[in-house]
Amino acid sequence: MIESPAPCEVRSVIRFLSARNLSAADIHRQICEVYGATAMCEGKVRKWVRDFKTGRDNVHDDSRSGRPSVIMDDMVASVEAKILENKHFTISTLSNDFPELPRSVLYKIVSEKLNFRKLCSRWVPKLLTEDHKNKGFKCLLNFLAHYNEEDDAMLSWIVKGDETWVSHVTPESKQQSMEWRHTHSPVRVKAKQTLSQCKIMASIFWDRHGVLFVDFMQRGTTMNAVAYGQTLRKLRRAIQNKRLHADRGNFATP
């Protein structure tokens, strides 16, 4: 038995046997004996027998022009114009403006024809103005100039700072509360805790060697020019003290 014959092969057999004046039933029986019962049903055999008797000589499928595309250029342009008006659209809201188009067609226009992708904005701590960028660029050039003159020693003079909120009570996480115990040990229970509502602002400054100074703001005060100036004066004294101790330690080292 021949398995998985090509359709044109079976039709060629039908044409040959039909030319020998065999009936459609006999042709179907012989096809099943050679190719199996699933090669072609008797109804299709009868159809091909009729076609060949009426003059058809092609055993291949008729060529098809294909389904015309429903996506026209003017339609794509209209969808793009609507998208540019509001880029926070969804396919559902877009379908309200184009009720004549199926949602699947709209999605194909957006994703394949226009190559749009839905992306989230990247969060940054602060949006910098051109003035901020220019000042930062000048600082970088200044750092590079000092580095060329002083090499790695210059890095010890760079101090960075940041501010953060510190809660009065930081609860222990579930991962931190895990213990190694025997399987027969009693189950330990603990109440669920949340971050304390009371918190305080902390300003932290450090250099390449570690933390230099931590300043906690008093409750009821805000970070303004006066408070920041006081913090910087404290930082200056802390830097002087730490570097003085470091110089003494280096001097005492044999």
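These legends go with close-up views of a predicted model.

**View 1. Trp48 and the residues around it.** Trp48 sits in helix α3, which covers residues 42–53. At 7% relative accessible area, Trp48 is buried, because that value falls under 20%. Setting aside neighbours within four places in sequence, its contacts are Arg11, Ile14, Met40, Arg56 and Asn58. Take Arg11: it is 37 residues away from Trp48 along the chain, yet their C-alpha atoms are separated by 7.3 Å.

**View 2. Lys47 and Asp51 pair up within helix α3.** These two form a salt bridge, with 3.1 Å between the closest N and O atoms. Both belong to helix α3 and are four residues apart, or about one turn of the helix. Lys47 is partly exposed, at 38% relative accessible area.

**View 3. Asp131 and Lys135 in helix α7.** Here's another salt bridge, its closest N and O atoms 3.5 Å apart. Helix α7 spans residues 130–150 and holds both partners, four residues apart, about one turn of the helix. Asp131 counts as partly exposed, with 43% relative accessibility.

**View 4. A salt bridge between a strand and a helix.** Asp215 and Lys234 meet through their side chains at 3.7 Å, N to O. Asp215 comes from strand β3 (residues 210–216) and Lys234 from helix α8 (residues 225–252), so this pair ties together parts 19 residues apart in sequence. Asp215 is buried, at 10% relative accessible area, whereas Lys234 is partly exposed, at 35%.

**View 5. A charged trio.** Asp26, Arg29 and Glu33 are joined in a network of salt bridges. The structure holds eight salt bridges in total.

How values were computed: Residues numbered from 1 in each chain as written. Predicted model: local features only at pLDDT ≥ 70, side-chain atom pairs only at ≥ 80, totals over all residues. Heavy atoms only, no water. Helix = DSSP H or I, 4+ residues; strand = E, 2+ residues; numbered from the N terminus. Buried < 20%, exposed > 50% of the residue type's maximum accessible area, 1.4 Å probe, protein only. Contact = heavy atoms within 4.5 Å. Salt bridge = Lys/Arg side-chain N within 4 Å of Asp/Glu carboxyl O.
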